Amino acid sequence: MSSNPVKTIAFNLNGQNVQEDIQSRLNLADFLRQQCHLTGTHVGCEHGVCGACTVLVEGRAVRACLMLAVQVDQKNVITVEGITPERGLSILQESFWSEHGLQCGFCTPGVLISLTQLLKDHASPSPEQIRDVLSGHLCRCTGYQNMVKACMVAAKRMRDEPSNALAPVLHEVKDGH
Amino acid sequence: MAIEYDHSVGHEPRVIGARSPRVEDPSLLKGQGCFLDDIQLPGTLHAAFVRSPHAHAHMVSIDATQALKLPGVHAVYTAKELESVLVKLRMPLGFPTTALPQNITPFVLCPKEVCFVGEAVAVVVATSRHIAEDAAELIAVEYEPLPMVHDCRQALEANAPAVRLESPSNELNHFKVAYGDVDAAFSQAHRVVQASLSTHRGAAHPIEGRGVMADFSVRSELTVWSSTQMSHDLRQMLCELLGLNEDRVRVIAPDVGGGFGCKFLVYPEEIAIAACAKLLGQPVKWVEDRSEHFVSAIQEREQFWDVEMALGPQAEILGIRGQMLHDQGAYTPQGINCPYNAATGVTGPYKVGAYHLEVSVVQTNKVPTIPVRGAGYPEAAFVMERLLDLASVELGIGREQIRARNLVSKAQMPYEKQIKNRAGAPIILDSGDYLHCQEMVLKHIDFEGFKARQLAAKGQGRYIGLGFAHGVKGTGRGPFESGTVKVSPAGLVSVYTGALAMGQGLKTALAQICAEQLGVSASDVEVVCGDTRFVTMGLGGFASRQTVTAGSSVHLAAIQVRKKALKVASQILEASEDDLELWDGFVKVKGTDKQLSLGDISRKLRGVPGYALPLGVEAGLEYSEHWQTEVLAYSHSFHACEVEVDVQTGGVKLLRYVASQDSGKLINPMIVEGQLHGGITHGIGNALFEFMGYDEQAQPFTTTFADYLLPTATEIPDFEILFHESPAPFNPLGVKGVGESGTVPVVATIFSAIDDALRDWNIHLKHAPVSPVKLLEEILNQETVS
């Protein structure tokens, strides 16, 4: 524990360019929650197992509790707020609602982020693929089954309604890759 | 005897029974939920606790000099400083019903003798949690270690060290549960089976841990936000320990990220943080991290049973007798309801001639225990079902047959057991058709065809097994829960309740119950809970009780509001009440366009100065009900599963899982299914994964999610849920609880299936959980024997 050096980082957060002075030791989850006031990213274990803090960095799902905030300098970061349309819900969110894919909702934002990446990479994921991705998340409420169902329903709807598939901010990220 | 209710509603239910989407979900899905740590008040300070690294020790000194020098640190408090604002340092006993010794509860902060690893001895308050944790590491605590007890069997040995020096015996309590002539039953027995069984200590592990924030800075009023299952009890304890008037204390439970029992307790940390806020005059927040949850949030289910069952020639259960040790941990924060539920729950759905169980509740230098999801019933079902499986082998009759012969039948309902509950009232199985559910599930999973499938699999070198078990769970614990239904002059319908939402969908269920009576849709009903300023009394969320208790109150209150609305509308619209209907927020005169909105009626009932209210009604379009119950509504579950065991690795794969559930009338089948999925998954954790290890120094060694395994998506099969609805006769909705039900028979079901897969090895599993290593040991032991 030393003098906690401060560093300035510039990055893209949910489509907005942001510049922030941060303590070098601050992890990404605490930074997003406490300094950027985006409290949708939750902290469940702080040791990289539960997955509640999952966010997209450069389009890939990462544990925000295991990453230092300084590491997102010059990068793209997307949180649950970034995959939420301005009005209403995204297809994935709607499917979680209709299929009862959440209960207390604490693990949900991280789960939605991981599945967002899955659906970006695979238009027709199998239940096994979905379960494989979900195995990076701990949920004490749902038993996971309805999450799998919700993701299957969302994938189908996205194939049927490609124009609504992803929130706008995700298109930008996708285009950048 | 309890009142029997008529469940006919006079109209076809529109909202009750519907798979209504949950009103809670949209904000949670957008990341706009408001959990404890999401509340950010200006000027908030952050706390970190210093916790004992020893299982048992005297504190010789605490030196905070270096910590206090760290910039950003506002205070370091020990028990001594907190005592200046506390009426007493010791937590009051929760559920103070059973006669228990004095001085058994934990301290707000430990003053001298630490009794488990994780016990808090000091609290640091700083401008950020990071600084608070830095400072906590700079605090030098000198300890003088004392001998410790790591196992409740060791605790009772003649020369065992004392768990707490103040406690004259490590045995906290000894009680017996008995009826009938059990010795006669055993002397007349055709066959006796015996087993030594154990269930293990696990933790609740909601993904949101505990957390509390307190603010004393405005008008000397204390506001406390806590991730709790019991906001009213928390208020009461804050008043008691801080010497405050109830009207000066407000407790708010924000969105709660799961509870599963561990938040149904007022913890020392909640009092300590309020005391810090009082001393500092600024808001103070503490959010538990996962490492703290492992060593300071309550745990459950460590019990050792030595039991035997006497059977008659027709495989009828003549008697059960034996003893059980319950590991209580270092303190008793909340009575001994857990071993009591286990001891009285063994006979479950069965008729048992005589029963005698001696129970020792034993202290150890480990984290204290109170109920986790299931609350003793899973242990009870495990013991009963294991004995029945053993008896089935001994007697050479089918596992389904021995159960069928001993189940309480539908015709015998309500069936009064000879066992009394902890309040002294008889246990009454109120309704159900257990045998039907068994047959329904066994048919669904093709039990009849299983032998052939098992043989075919064996031909391919695969070992598959099928197991099943029953479980009953007393739900809807009273004495009451509050429910107020109110319509505002703007026509907004609100429900207020002392019940507490922690993810189950409580708000949706209560909204549906209210909407059914008021002719609105569930999404139009606002449910307010967990806030003591809006609701004066309540008991909170536990014992799978809220649909039964709060549901009944809301149902009855909504009926009264409906009646009142019709009465007033009848006067204003000049029509007979029989000609009125309530629909879409309007009272309409049938067959005409005459109507009056609920909002208009509410406005009339708010009054105009000097003018009379409508005739024969009281002010306000609202009604409060505190429906009371003395009996429980017994939900029933019958589960069956198919497993495959890898005999080379001891790995167990769940191939199929079928569960029937009788939770009476279902308010929202979608939510009930979700509750079952989660409950069964919790049980799978208890059967195969969750192991809270302590070494011989009572040091916990499974304190990360890499060591303590929760079930993840790849281990869990798709559950097949079948419903059977036997309306509960003793509440007005005919409902039974479900939150814990799914967990109850799971370990017994899976163990039965594993045994079945390993018939060649003659294995009868006795200790939960069974890890691959343990199962492989069992297999290798049997191979050595044969």
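This briefing walks through a two-chain model, from each chain's overall build to the places where parts meet. The model is predicted, so local features are described at pLDDT of at least 70 and side-chain atom pairs count only at pLDDT 80 or more, while totals for chains, interfaces and linings use all residues. Residues are numbered from 1 along each chain as its sequence is written, with chains lettered from A and ligands numbered from 1 in the order in which they are written.

**Confidence in chain A**

- The predictor's confidence in each residue is called pLDDT and runs from 0 to 100.
- For chain A the mean pLDDT is 92, and 90% of its residues reach 70 or more.
- Residues 167–177 of chain A stay under 50 in pLDDT, and the model has 17 contacts beyond four places in sequence for them. Two residues are in contact if their C-beta atoms, placed from the backbone, lie within 7 Å.
- Where pLDDT is low, the predicted coordinates should not be read in detail.

**Chain A as a whole**

- Chain A holds 6 helices and 5 strands. Helices (H or I, at least four residues) and strands (E, at least two) are DSSP runs, numbered from the N terminus.
- The order of these elements along the sequence of chain A is β-β-α-β-β-β-α-α-α-α-α.
- With a radius of gyration of 16 Å, close to the 16 Å that the globule rule gives for 177 residues, chain A is as compact as a globular protein of that length. The radius is taken over C-alpha atoms, and the rule is 2.2 Å times the number of residues to the power 0.38.
- The C-alpha trace of chain A spans about 50 × 35 × 25 Å along its principal axes.
- Buried residues are 56% of the 177 in chain A. A residue is buried if 20 or more other C-beta atoms lie within 10 Å of its own, exposed if 12 or fewer, and partly exposed in between, with C-beta atoms placed from the backbone.
- Among contacts in chain A with a separation of 6 or more, 63% join residues 24 or more positions apart.

**The two domains of chain A**

- Chain A is divided into domain 1 (6–79) and domain 2 (83–175). Domain bounds come from an automatic or database domain assignment.
- The C-alpha centres of domain 1 and domain 2 of chain A are 21 Å apart.
- Where they meet, 19 residues of domain 1 of chain A are in contact with 14 residues of domain 2 of chain A.
- On the domain 1 side of that contact in chain A, two or more residues each come from strand 3 (54–57), strand 4 (60–63) and strand 5 (76–78). The largest share, 3 residues, comes from strand 3 of chain A.
- That side of domain 1 of chain A has 8 nonpolar, 10 polar and 1 charged residues. Here Ala, Val, Leu, Ile, Met, Phe, Trp, Tyr, Cys and Pro count as nonpolar, Asp, Glu, Lys and Arg as charged, and the others, Gly among them, as polar.

**Where chain A meets chain B**

- The contact joins 40 residues of chain A to 43 residues of chain B.
- Helix 2 (91–98), helix 3 (108–121), helix 4 (127–134) and helix 5 (145–160) of chain A each give two or more residues to the side that touches chain B. Helix 2 of chain A gives the largest share, 4 residues.
- The side of chain A that touches chain B divides into 19 nonpolar, 16 polar and 5 charged residues.

**Chain B and its domains**

- Chain B has 20 helices and 30 strands.
- Its radius of gyration is 28 Å, close to the 28 Å from the globule rule for 786 residues, so chain B is as compact as a globular protein of that length.
- Buried residues make up 58% of the 786 residues in chain B.
- Chain B is assigned domain 1 (25–33 + 478–628), domain 2 (42–146 + 210–256 + 263–296) and domain 3 (309–368 + 375–476 + 631–785).
- Domain 2 and domain 3 of chain B have C-alpha centres 37 Å apart, and their contact takes 22 residues from domain 2 and 20 residues from domain 3.

**Two helices of chain B**

- Helix 8 (residues 268–280) of chain B is mostly covered, with 11 of its 13 residues buried, including B:Ile271 and B:Cys276.
- After helix 8 of chain B comes B:Gly281, whose phi is positive, near 65 degrees.
- Helix 18 of chain B is mostly covered too, with 18 of its 21 residues buried.
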